[in-house]
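Please consult the sequence and the structure alongside the text.

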Amino acid sequence: MTPDRLPTVFTRTEALAAGVSAGELRGPRYRKVFHNVHARSEVAHETHVRALAALVIGPDAALVARQTAAELLGGVVPPDVRVHLALPTGRLRARGIRAVRRRVTHAAVIGGVRVTTAEDTFVDLAADLSLVDLVVLGDSLVSKGRATSHSMVAAAAEGAGPVGELARRAAGLVRAGVDSPMESRLRMLLVLAGLPEPLVNHIEYDDWGRWVRRYDLSFPERRLAIEYDGRQHAESQRQWERDVDPREELDLDGWRIVVVLAKGIYREPGRTLDRVVAAMRAAGVRGSIRSTEWRLHFPGQ
């Protein structure tokens, strides 16, 4: 083997056998991923590279799992710099790798990396994530076509204890057609406050059957929409925020639109709920804040 034939990740032994000197391994052309495992510097996808490197260290039957698997599957999870592996047998201790014993019967392959399936990844992460983060993950995996809301429910059905209960509850709240994690969070804010759950991504058509507009969250029968807007104003974010309230008063084919910005989820969730409830009452949607559970997941400032 010659240096240009080395795989994406390789051991120090393989590099030396291919004619790469120890000094060259420390140079700019290569980078160390884990102890005695290296990669070429030009390879950019960090999660993919680290996953491959962890599998080089792990036993043959190891799979990438949990947060790392979720990222490779296109799911949205809180960042975790560790690589997570599932080991059918044995143990593995290495800095930067978290390996847990787990018997796996099915696997997916993403870019040459064997990972736990989307459904198994979702259920596994019920031990690590909050309810809202788990729903965000489930929505994103369904959006990427890696699973369906029904397959999530089926996978979570056998879980035991509090973790299994959380997985089942989150799976029951996963929806298809969600465009972004913030839409998931906004929907969960409403649901955890005990408000009626709006429809996800309702599409309005004109009299000729042509697509007119899609609403993130809505009550179509009452022509009320709740939209997350993550755009930044071209001139001033403050100006953009000032423009939101007047937009809500405009009729769009008889629709009333409540526009929610990031601060309405992270900093002012209570005000967002008040605005939504007021709009619901004006539109004739029956509902009120009946739970304080939202405060556990959206504490605001």
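The points below are grouped by topic.

The model is predicted, so that local features need pLDDT of at least 70, side-chain atom pairs count only at pLDDT 80 or more, and totals for chains, interfaces and linings use all residues. Residues are numbered from 1 along each chain as its sequence is written, and side-chain values use heavy atoms, with hydrogens and water left out.

**Packing of α6 and α8**

- Helix α6 spans residues 131–143 and helix α8 residues 161–173; their axes lie 9 Å apart at an angle of about 50°.
- The two helices are therefore oblique to each other (angles under 35 degrees count as roughly parallel, over 145 as roughly antiparallel, 65 to 115 as roughly perpendicular and the rest as oblique).
- Helices and strands are DSSP runs, of H or I with at least four residues and of E with at least two, respectively.
- Axes are lines fitted to C-alpha atoms, for helices over the stretch in contact, and angles run from 0 to 180 degrees between N-to-C directions.
- From α6, Leu131, Leu134, Val135 and Asp139 meet Leu166, Ala167, Arg169, Ala170 and Leu173 of α8, where contact means heavy atoms within 4.5 Å.
- The residues of this contact comprise 7 nonpolar, no polar and 2 charged.

**Aspartate 139 within α6**

- Aspartate 139 belongs to helix α6 and is buried, with a relative accessible area of 1% (buried means under 20%, exposed over 50%, partly exposed in between, with a 1.4 Å probe and protein chains only).
- Not counting residues up to four places away in sequence, aspartate 139 touches Leu173, Val174, Arg175, Val178, Ser184 and Arg187.
- Valine 174 is 35 residues from aspartate 139 along the chain, yet their C-alpha atoms are separated by 5.4 Å.

**Packing of α9 and α12**

- Helix α9 (residues 181–192) packs with helix α12 (residues 269–283) at an angle of about 75°, with the axes 11 Å apart.
- This angle makes α9 roughly perpendicular to α12.
- Leu186, Leu189 and Leu190 of α9 meet Pro269, Thr272, Leu273 and Val276 of α12.

**Glutamate 204 in β9**

- Strand β9 (residues 199–205) contains glutamate 204, which is buried at a relative accessible area of 19%.
- The side chains of glutamate 204 and histidine 202 are joined by a polar contact of 2.7 Å (a pair of N or O atoms within 3.5 Å; within protein, one must be able to donate a hydrogen and the other to accept it, and residues adjacent in sequence count only if both atoms are side-chain atoms).
- Beyond its neighbours within four places in sequence, glutamate 204 contacts Arg210, Trp211, Val212, Arg213, Tyr215, Arg223 and Trp255.

Note on methods
Ala, Val, Leu, Ile, Met, Phe, Trp, Tyr, Cys and Pro count as nonpolar, Asp, Glu, Lys and Arg as charged, and the others, Gly among them, as polar.
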